[in-house]
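I opened the notebook with the sequence and the structure side by side. My entries follow in the order in which I looked things up.

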Amino acid sequence: MTKKSKSSALQNKEGVSQSEITNASSITKIQQKRKAKPTTQELISDIIKGNITALSRAITLVESSNPKHLEQANDIIKGCLQYANASVRIGITGVPGVGKSTFIEAFGIHLTTIGKKVAVLAIDPSSSLSKGSILGDKTRMEDLVKNENAFIRPSPSGSSLGGVARKTRETIILCEAAGFDTIMIETVGVGQSETAVHSMVDFFLLLKLAGAGDELQGIKRGIIEMADAIAINKADGDNLKAAKLAKVEFNRALHLYPQKDSEWQPKVMLCSALKQEGIEDLWKDIQSYIEHSKENNYFEHNRKEQNKFWLLQTIEDRLKSDFFNQPTIKDALKLQLQLIEDDKTTPFVAAE
Ligand code: GDP
């Protein structure tokens with residue numbers, strides 16, 4: 001058969017070719033599929049089955065600022081709650097360049113090889129300013145991204161840390177319901193984001209570098225106090241000697257801090273995310289911590305305390321936004337700000 005007769009054989013009476021019909025019908029199918037938004041119940045049952053598309057859709061609803069989406073998100077979370085909680089939540093912090101994404105990739109891959117399902121989330125206070133996010137860069141965690149037992153979600157954007165943190169907490173619940181048993185939450189060691197992450201995880205890991213010369217001066221005391229382990233990363237090559245020295249220094253420093261409520265003595269460990277060394281030991285340490293804190297009931301107690309904290313935080317956020325969104329308040333505030341600008345009132349009188 002010649003090329004011409006072949007193509008005419010595939011044409012129907014109206015002169016429409018078979019391939020055009022197939023294309024048109026698949027386009028309609030795709031359009032119908034897109035239009036047929038899954039119901040709340042469908043999303044819940046798909047999430048529980050571990051369906052990643054449903055999980056991503058639900059997270060998008062959580063992150064939306066549309067009140068209708070938020071209402072649906074709330075219903076989904078309610079439906080997922082009974083399937084949540086069965087995970088280990090690990091917070092990971094450290095200054096940019098310390099090797100967080102390299103570490104998370106190495107750690108995540110190790111966990112998936114021992115049969116874990118890993119979700120990686122982020123809280124990035126800079127993302128709302130830069131419109132980027134610490135996990136947004138696709139070149140980061142290249143191998144983990146492709147791993148079918150890993151789920152990576154970039155930091156949600158938002159105008160306030162409180163809002164971003166709320167979205168991340170709700171996302172944790174959704175990931176747990178979808179069967180992820182190890183949740184890592186990454187944050188940059190700037191601003192207040194570590195505090196937010198610390199208040200939503202079971203174990204808080206601080207990544208540090210050796211040889212920066214300011215091991216003890218340059219770090220925020222608060223972060224050290226929050227850490228359940230300090231891992232000195234890049235303990236490889238020429239850096240190994242300095243890393244070993246830093247370990248001694250940090251260990252000494254850690255003993256100066258009062259005992260933690262968990263009665264856990266944080267360890268300082270060496271690791272090389274690049275060479276995938278020390279990763280297994282860290283996981284063993286985290287497991288020992290989980291065992292220890294479950295035995296002395298701190299694990300449960302801490303999660304309850306965190307829930308109470310987030311209840312109060314949510315009420316506060318909600319009251320604030322309700323208050324500032326009232327039209328009369330908006331007008332009055334505008335007026336009072338102008339009066340302050342013109343030196344005609346004081347902040348206290350204006351606030352009254
Ligand atoms: P982040 O900004 O904290 O996420 O840091 P990255 O993971 O992007 O790492 C910053 C740089 O440090 C990259 O060039 C990495 O290849 C390098 N790096 C990360 N971990 C190690 C390590 O264990 N050893 C060495 N030598 N380099 C590392």
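**Entry 1: strand β2**

Which residues of β2 point one way, which point the other way, and are they buried or exposed? I am working with a predicted model. I found Val118, Val120 and Ala122 on one side of β2. Ala119, Leu121 and Ile123 point the other way. All of these residues are buried.

Next I looked up the partners of β2. With strand β3 (residues 150-152), β2 pairs in the parallel sense over three bridges. With strand β4 (residues 182-188), β2 also pairs in the parallel sense, over six bridges. In β4, the bridge partner of Ala119 is Ile183.

**Entry 2: strand β5**

I moved on to β5, residues 203-209. Six of the seven residues of β5 are buried, so the strand is largely enclosed by the rest of the structure. I then checked what pairs with β5. Strand β1 (residues 88-94) and β5 pair in the parallel sense over four bridges. Gly91 stands opposite Phe204 in β5. β5 and β6 are parallel too, over five bridges. There I noted Lys208, whose bridge partner in β6 is Ile232.

**Entry 3: helix α12**

I checked the length of α12 (residues 240-254). Its 15 residues reach 21 Å from first C-alpha to last, close to the 21 Å expected at 1.5 Å a residue. Ala243, Ala246, Lys247 and Phe250 are buried in α12. Seen down the axis of α12, the buried residues fall within an arc of 110°, so they line one face of the helix. The general rule is that an α-helix has 3.6 residues a turn, so residues three or four places apart point the same way.

What do the buried residues of α12 pack against? I found β6 (229-233) and β7 (267-270). The face turned away from the buried side carries the exposed residues Lys241, Val248 and Arg252.

**Entry 4: helix α13**

I ran the same checks on α13 (residues 279-295). It has 17 residues and reaches 25 Å from first C-alpha to last, close to the 24 Å expected at 1.5 Å a residue. Ile279, Leu282, Tyr289 and Ser293 are buried in α13. These residues cover an arc of only 75° around the axis, which puts them on the same side of α13. They pack against α6, β5, β6, β7 and α14 (298-325). On the other side of α13, I listed Lys284, Gln287, Ser288, Glu291, Lys294 and Glu295 as exposed. After α13 comes Asn297, with a positive phi near 65°.

Most residues other than glycine have a negative phi. Lys234 has a positive phi of about 65° and is not a glycine. Is Lys234 buried or exposed? Lys234 is buried, with 26 other C-beta atoms within 10 Å.

Glu263 has a positive phi near 60°, and is likewise not a glycine. With 10 C-beta neighbours inside 10 Å, Glu263 counts as exposed.

**Entry 5: His301**

I located His301 in helix α14. His301 is partly exposed, with 13 other C-beta atoms within 10 Å. I also checked His301 against Ser262. The two are 39 residues apart in sequence and 9.6 Å apart in space, C-alpha to C-alpha.

**Entry 6: around the ligand**

Which residues come nearest to the ligand? Of the 14 residues around the ligand, I noted Gly99, Lys100, Ser101, Thr102 and Leu274 as the nearest. Helix α6 (residues 100-113) gives the most to this shell, with three residues. By type, the shell divides into four nonpolar, seven polar and three charged residues.

**Entry 7: whole chain**

I closed with the totals. The protein chain has 16 helices and seven strands. Buried residues make up 34% of its 352 residues. Among contacts between residues at least 6 apart in sequence, 72% join residues at least 24 apart.

Definitions and conventions:
Residues numbered from 1 in each chain as written. Predicted model: local features only at pLDDT ≥ 70, side-chain atom pairs only at ≥ 80, totals over all residues. Helix = DSSP H or I, 4+ residues; strand = E, 2+ residues; numbered from the N terminus. Expected span 1.5 Å × (residues − 1). Buried ≥ 20, exposed ≤ 12 C-beta atoms within 10 Å, placed from the backbone. Arc of directions from axis to C-beta. Contact = placed C-beta atoms within 7 Å. Pairing = 2+ DSSP bridges. Near = placed C-beta within 6 Å. Nonpolar A, V, L, I, M, F, W, Y, C, P; charged D, E, K, R; others polar.
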